[in-house]
Amino acid sequence: MALYDRPTMRDRPSFTARWVASQRAHLERPDDVHGNADAERRLYEGLAGWLGIARLDRARMRRRTEWFDAATVDALASGVKQVVIVGAGYDGRALRFKGDGVRWIEVDHPATQADKRSRVDDLDVPTSHIAYAPVDLSHEDLDGALARAGHEPAEATLLIAEGLLGYLRHETIDRLFAVLRRRSTGDSILAANFRVLEHSRWIGDRVGRAVLDGILNVVGESRKSTFYEGVAERLLGDAGWTVIRHLVSDHDRFDATHGLFVLARPSAP
Ligand SMILES: C[S@@+](CC[C@H](N)C(=O)[O-])C[C@H]1O[C@@H](n2cnc3c(N)ncnc32)[C@H](O)[C@@H]1O
């Protein structure tokens, strides 16, 4: 049984979510006239603590944030009024990019979401545009949770899955992509990222991967799936999504991986 599956781990907020969000506090980013970037920054600063010491490669975090910020800015500019962030963690985009009449739905594991909600409540800013869908994606019903949170499948949606998919098994990702597809109009858009394993050239690559996986095991958030070249596109395609734009970046020599960022639209029926 993976560590993340242990009942004790289900009861505590995500360490990786906190770590990633705290690093966004240091980035220059776009904002929105209706939003409150300062509230988002205060949310992240409250998460920092000693985690600030252990920064991800800054350039990598910047590129990742830029990809998902651009997807958000573009979707809102094109008139999308509904955003679903799956595995939202402490993502503060609903505060920063609020938009005019945009409804935001955040999906995450109940333990992380409860902690995030109380931190957002403490900011003392308007939050009626944000709805929460507490779900353990590995065995709970995402479709029902989105419906209860007010997601409207007849309206275009921006769907965000940032830094999430490696923590889910392939069969869970299949189900997730299929549910999101069923709840999407033709002009909805899915933004997601994957850590892709390159062909391992020597034992050092495997050691590098084992070290990073070991760290995740220690914090109780073990990786549940690996993506080799072409796997992400296949998972998306099988669930009815067509990649319309992608970016390959951050080739990492330590563990022979790279980042894959995609934007996908529902495939034509
Ligand atoms: C690395 S964090 C990324 C958080 C956020 N997307 C961001 O980029 O700041 C991974 C997130 O996935 C969530 N997650 C992992 N497994 C999950 C599951 N089975 N069900 C729901 N959420 C899950 C964690 O709670 C955590 O918030």
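Leaving aside neighbours within four places in sequence, Val86 is in contact with Val107, Leu159, Ile160, Ala161, Leu164 and Leu176, where contact means that the C-beta atoms of two residues, placed from the backbone, lie within 7 Å. The model is a predicted one, in which local features need pLDDT of at least 70 and side-chain atom pairs count only at pLDDT 80 or more, while totals for chains, interfaces and linings use all residues. Residues are numbered from 1 along each chain as its sequence is written.

Val84 is found in strand β1, residues 82-86, with helices (H or I, at least four residues) and strands (E, at least two) taken as DSSP runs numbered from the N terminus. Val84 and Val135 are 51 residues apart in sequence, and their C-alpha atoms are 13 Å apart in space.

Leu142 lies in helix α7, residues 142-148, and is buried, with 21 other C-beta atoms within 10 Å. Beyond its neighbours within four places in sequence, Leu142 is in contact with Val107, Val135, Leu137, Leu176 and Val179. From Leu142 to Ala71 the separation is 71 residues in sequence and 23 Å in space, C-alpha to C-alpha.

Ala71 is one of the buried residues of α4, which are Arg64, Trp67, Phe68, Ala71, Thr72, Ala75 and Leu76. These residues lie on the same side of α4 because they cover an arc of only 155° around the axis, the arc being that of the directions from the helix axis to the C-beta atoms. An α-helix has 3.6 residues a turn, so residues three or four places apart point the same way. The buried residues of α4 pack against α5 (93-96), β4 (158-161), β5 (189-197), β7 (241-252) and β8 (257-266), whereas the face turned away from the buried side carries the exposed residues Arg58, Ala59 and Ala77. The 20 residues of α4 (residues 58-77) should span 28 Å at 1.5 Å a residue, and the end C-alpha atoms are 28 Å apart, which agrees; the expected span is 1.5 Å times one less than the number of residues. Gly79, with a positive phi near 100°, follows α4.

The ligand has 21 residues around it, of which Ala17, Gly87, Gly89, Leu137 and Gly163 come nearest, a residue being near if its C-beta atom, placed from the backbone, lies within 6 Å. Helix α2 (residues 15-24) gives the most to this shell, with 4 residues.

Asp124 is placed in the loop between α6 (110-122) and β3 (130-134). Asp124 has a positive phi of about 60° although it is not a glycine, and it counts as exposed because it has 9 C-beta neighbours inside 10 Å.

Methods
Buried ≥ 20, exposed ≤ 12 C-beta atoms within 10 Å, placed from the backbone.
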